[in-house]
Amino acid sequence: MRALDIISAKRDGGEHSASELEFMLTGYLDGQIPDYQMSAWLMAVYLRGMSDNETVALTRAMLATGEAMDLSGFTRPTVDKHSTGGVGDKISLVLGPALAAVGMVVGKLTGRGLGHTGGTIDKLESIPGFTTDLSRNQFDHLLRTVGMSLIGAGPGLAPADKRLYALRDVTATVGSIPLIASSIMCKKLAGGAEHIVLDVKTGRGAFLPDIEQSRELARLMIAIGKSFGRKVTAVLSSMDQPLGFAVGNSLEVKEAVAVLRGQGPADVRDLTVTLGAELVMLAGLADHHAAAVQLLNEVLDSGKAWSKFSEFVAGQGGDSNTVENLELLPEAQCKLSVEAHDSGYVHDIDALAVGHCAMLTGAGRERKEDNIDYAAGILLKCEHGTKVEKGQEIATLHGNDLGKLESLVPRLRAAITIESGIPAKKQLVIETIR
Ligand code: URA
């Protein structure tokens with residue numbers, strides 16, 4: 001077998017066999033296939049696509065390059081959630097403890113943020129001491145005692161994905177549906193959970209802004225999960241506007257804590273409950289949607305989910321005092337108000353533009369190797385439909401570099417559209433694909 005023949009077969013629209021895909025991946029990982037051949041193949045896949053069978057075989061080959069967690073020894077249902085990436089998306093911080101409080105085992109392989117979207121590890125690492133650098137024994141112990149643990153995808157888990165993703169990032173081949181689906185699903189499968197809910201974002205701030213493409217991605221990931229015997233549901237949700245008011249690491253932890261304490265923005269709570277209800281039903285803990293929703297509302301309102309969060313933070317080395325006393329979390333030295341230029345109603349908050357501004361405050365990474373400022377970000381002071389007066393504060397920029405924040409004021413203001421007349425309500429959850 002030769003890489004050259006496999007590349008030309010895909011260039012000409014051919015379908016690969018499982019052994020050809022294994023050959024490409026193992027050859028790439030052991031250095032037999034150089035970056036330039038892998039890049040050419042990725043571009044051929046990007047342009048020609050893959051059949052469902054090929055995508056399943058690719059996922060299997062990616063999974064086989066590393067280890068997989070074995071959660072089969074748990075008697076309680078094992079669950080996982082994945083979001084395709086968003087702005088202000090702190091759902092995992094709320095949903096994980098809520099599911100653990102309901103009695104499920106939440107083991108998550110999780111990642112860092114890149115570009116305008118944030119990552120769960122970065123948010124949690126804004127809590128002093130918190131680490132996802134756990135041994136498999138520590139991970140297992142937390143799952144058994146707390147019911148929840150997060151671990152970073154390390155060299156042993158899905159190593160092919162790590163290498164391929166880095167190459168896709170610099171060869172304009174990230175936006176290929178079969179490549180995204182196999183990349184996400186090999187990590188979910190390596191995580192070992194039996195039941196998986198996927199939050200597939202669509203709209204301006206999403207990876208794939210087009211709804212038809214998001215639908216196709218959701219369908220394909222469900223098909224992959226099914227072929228591995230996992231139960232998978234996908235919820236298509238809008239990423240046209242940021243989720244909640246906070247965008248940035250410690251700001252988002254504070255907002256997640258508010259939701260866990262029964263307060264916080266309604267959209268964060270609603271999406272948490274929607275996604276959680278799907279897992280509760282997949283795991284058979286409720287036989288209809290309303291009962292599943294009730295279970296989740298109960299743990300959020302009673303403080304059980306909040307206690308789980310606190311236990312989980314302490315279990316992963318975090319200083320739980322800082323989540324009890326939020327003023328102890330990293331706080332920016334500079335805060336700059338953005339004021340409305342006109343009176344009227346907020347018609348639009350552009351998630352992509354807000355995500356870029358937040359990244360530029362220091363809250364995110366333009367390149368993988370960039371450092372982040374945990375205290376930096378944006379706190380919106382309005383949402384879709386809010387009535388505002390000219391001169392009213394509509395957002396605050398947080399950071400430690402005043403010059404940088406000043407340069408972002410006009411950009412952030414332009415991301416928030418104010419017009420006369422009450423705008424029509426926007427839909428957050430678009431559809432559920434079971
Ligand atoms: N997230 C992933 O994990 N992989 C992709 O390819 C895209 C988003």
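Begin by selecting T396, which is buried, with a relative accessible area of 6% (buried meaning under 20%, with a 1.4 Å probe and protein chains only as cover). This is a predicted model, in which local features need pLDDT of at least 70 and side-chain atom pairs count only at pLDDT 80 or more, while totals for chains, interfaces and linings use all residues. Residues are numbered from 1 along each chain as its sequence is written, and side-chain values use heavy atoms, with hydrogens and water left out.

T396 sits in strand β11 (residues 393-399), strands being DSSP runs of E of at least two residues and helices runs of H or I of at least four, numbered from the N terminus. Show K381 as well, since the side chains of T396 and K381 make a polar contact at 3.4 Å (a pair of N or O atoms within 3.5 Å, one able to donate a hydrogen and the other to accept it within protein).

Next, select the ligand together with Y165, R168, I180, S183, I184, K187 and F207, which surround it, each having a heavy atom within 4 Å. On its own the ligand has 230 Å² of accessible area, of which the protein covers 90% (Shrake-Rupley method, 1.4 Å probe). Colouring by helix shows that α8 (159-169) and α9 (177-191) each supply at least two residues of this shell, with α9 giving the largest share, four.

Then move to the second largest pocket, with a volume of about 550 Å³ (a pocket being an open set of points on a 1 Å grid with protein on both sides within 12 Å along at least five of seven lines, and lining residues having an atom within 4 Å of a point). Among its 23 lining residues, Q241, D267, E383, K426 and L428 are the closest to its centre. Helix α12 (residues 266-282) gives the most to this lining, five residues.

The largest cavity holds about 150 Å³, and of its 22 lining residues H116, T117, G118, A363 and G364 are the closest to its centre. Helix α16 contributes the largest share of that lining, four residues.

Methods:
On a 1 Å grid over the protein atoms alone, a cavity is a set of points where a 1.4 Å probe fits but cannot get out, and a pocket is an open set with protein on both sides within 12 Å along at least five of seven lines; lining residues have an atom within 4 Å of a point. Grid points are joined across faces, edges and corners, and a volume is the space filled by probe spheres set on the points. Buried means under 20% relative accessible area, exposed over 50%, partly exposed in between (1.4 Å probe, protein chains only).
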